[in-house]
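Please open the model in your viewer and keep the selection panel at hand. The tour below goes from one selection to the next.

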Number of protein chains: 2
Amino acid sequence: MKIGILGAGQLGQMLALAGYPLGNRFSFLDTSANASADIGCLFTHSEADSALADFLAQVDCVTYEFEHLPLPLVKSIAEQKPLFPSVKALQVCQNREAEKALFDQLSIPVADYRLVNSADELAQACQELMTAGAQAVVAKSITEGYDGKGQAVLRRPDEAASAWQRIGHSRLIVEAFVDFVREVSIIAVRGRSGDVVFYPVAENHHVEGILRYSLAPVPNFSQEAQVQAEAYIHALLDELEYVGVLTLELFQQADGCLLANEMAPRVHNSGHWTQNGSMTSQFENHLRAVQGLPLGSTHAKALTCMINIIGKNGDYEDILKLEDTHLHLYGKSERAGRKLGHINLVAGNIDDLKRKVEQVAQLLPDAPAPEFSF
Amino acid sequence: MKIGILGAGQLGQMLALAGYPLGNRFSFLDTSANASADIGCLFTHSEADSALADFLAQVDCVTYEFEHLPLPLVKSIAEQKPLFPSVKALQVCQNREAEKALFDQLSIPVADYRLVNSADELAQACQELMTAGAQAVVAKSITEGYDGKGQAVLRRPDEAASAWQRIGHSRLIVEAFVDFVREVSIIAVRGRSGDVVFYPVAENHHVEGILRYSLAPVPNFSQEAQVQAEAYIHALLDELEYVGVLTLELFQQADGCLLANEMAPRVHNSGHWTQNGSMTSQFENHLRAVQGLPLGSTHAKALTCMINIIGKNGDYEDILKLEDTHLHLYGKSERAGRKLGHINLVAGNIDDLKRKVEQVAQLLPDAPAPEFSF
């Protein structure tokens, strides 16, 4: 089967690497100049209708590696070729207001929030949420935000004017800052026939809004919490009649309860550990789903920690000397804050894994010291 | 690093799939029309000097996925770019006479053999070897044979004339047919600095000269035999100042002793199990070796059986329903005797693995029933 991918970054490239052995071939449609995926037919979108027609003529179905896509384009594609995940899923995930409404509708708990249309309303929302107990609030643009962009943390209502200006959007969502024990994510896959599989929850560590470490399975994550996370994402998958990989980011509070943060309708950075730690990677399972194949086992073969390589390359010669250490580079040049690749470290027990993570962190420039909740 | 590969079949494609995550990019040089590797820059050799120059201008070093290459071409390449494994290794592996001489020189035991230049000499060699106890002999062309091509089994000296004519070469090697318990292979990797790692020996099952099953680690293969196989291949690697993956095929006799059969200076079909069964695949380790990176662990994570898909595609939907089952297709159309792909089955114990192998064999058209020595 020939699969078209909207976006040609590292996620598209890793999908293609997982799909070649399944007999798939790929075409990419990308408007950006710095595409990463240079496997098979790379197709740069020229904004011309003929370019889109050429792309569609090459493929049997279409998926995407990036959710911030123009909706009219995606709707037009869905009228011509099977598109997974659906336009509806994309619409919800592009819009924090629609996403929160869906969480509410499905009784998936979230942090207290308000919607605001001006700096004054932002100040008032901040006041209300802090009066109700929040130590701070996070204001986010309704659309287009990722990796911490389009966001601001407010510790006092009088910071509203400058935050409003900095974010520069006409409508924001304001969330009570959650006092969490850890950030986790669950990745699930739904096939064309409605079958669903779940990966074990991963614990994620962000620095300045960018993911640095993901570790799975989480040693002290209770079975109850895993089941709860699965129930939440299962409800989302079924409601959206979803096909493919969906990622749900959650906060775990001190009492063990989970609050939904946001979701991504695609393979996700916090699931890269599955390439070396699970029987079937998130990339292979996404492709199995979109082409109607049976889903692969999501069983974790070992404890795995994924470390992102941000901005600068490390000493890969020394890193690769460590046993069961797997390098995944994206073919990008160095630039501050840019994801250049990741490293998956696999170990038989958590102490060995933590030791290896510390060793690797020291061999990566500017890598923050790893901190885990266990 | 940009790596040039001579040959663009499935081995080249799997090298490229393993190399993308290491940051490598690939160019292929191939004279055949039905190349499999369509990743990155596929370059079809037009026999023109300019085509070779273009290929060499694109790459930092060169390796090969196929040993039946014209020596003058390879020598010319080695004068212009680093080439691994060396021309010397290629020369020996292209020629059964040179190969046997090297085994003899390094005291690696082989089946009794003779070199012959005519049908009469073939009849006489057959007579001698059978008088010395052989039940049959195998006559093989000195050059160009693979997958059982250019070979004939003789059970009586008077079959020499027809065998000579059928093989159609001017010089043959005639080997006493070995009464073996099993066929095995050992795969080893030597880095640029002379460091060597060994994979566990695999047991191989051929039908009509074509590999059908490889299983590793072999449950009842003794540690002594593993060490012996490692010593043989280590001697070969050092003598040839080899860089990359080398494969040595061996017969194990009833007394446990190993006799060398032949070697291949490349990644090998009997090492495909390492993609899902080992910490580092043979493909990644070959690439690590040729670019001077530390070699990865060859530790087997689980029992793995590789099944070749020959001639016709199977029912992949049903096959992929089995847990920890990994499909590797080469993108080729169906043709009798053609290797279309392989399936790696991973299991925690040998009984589970045998059961899964039987299930998969039933879902592949014309697959021979699996038979193992344990």
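Predicted model: local features only at pLDDT ≥ 70, side-chain atom pairs only at ≥ 80, totals over all residues.

Residues are numbered from 1 along each chain as its sequence is written, chains are lettered from A and ligands numbered from 1 in the order in which they are written, and side-chain values use heavy atoms, with hydrogens and water left out.

**Both chains together**

The same surface serves both copies, since 100% of the contact residues of chain A recur in chain B.

**The interface**

Next, select the residues in contact (heavy atoms within 4.5 Å): there are 29 residues from chain A and 29 residues from chain B. About 2,600 Å² is buried between the two chains, and carbon and sulfur atoms give 56% of this area; buried area is the accessible area, taken with a 1.4 Å probe, that two parts lose on being put together, summed over both. Pick out Pro21(A), Met279(A) and Leu320(A), which supply 20% of the area that chain A buries against chain B, more than any other three residues.

How many salt bridges does the rule find across the interface of chain A and chain B? The rule finds zero, a salt bridge being a side-chain nitrogen of Lys or Arg within 4 Å of a carboxyl oxygen of Asp or Glu.

Now colour helix H1 (10-19) and strand E16 (325-329) of chain A, each of which supplies at least two residues of the side of chain A that touches chain B. Helices (H or I, at least four residues) and strands (E, at least two) are DSSP runs, numbered from the N terminus. E16(A) gives the most to that side of chain A, with five residues.

**The sheet in chain B**

Move to chain B, where four strands form an open antiparallel sheet in the order E5-E8-E6-E7; two strands pair if DSSP finds at least two bridges between them. Strand E5 (113-116) and strand E7 (151-154) of chain B stand at the edges, each with a single partner strand, so one side of each is left without a neighbour in the sheet.

Zoom in on E5(B) and strand E8 (residues 172-176) of chain B, which run antiparallel and are joined by four bridges. Arg114(B) has Val174(B) in E8(B) as its bridge partner.

Finally, turn to chain A, where four strands form an open antiparallel sheet in the order E5-E8-E6-E7. Select strand E6 (residues 137-141) of chain A with E7(A), which pair in the antiparallel sense over four bridges, and look for Lys140(A), which stands opposite Gln151(A) in E7(A). Helix H6 (residues 119-131) of chain A lies across E5, E6, E7 and E8 of chain A, at about 170° to E5(A).

Technical notes
Axes fitted to C-alpha atoms, helices over the stretch in contact; angles between N-to-C directions.
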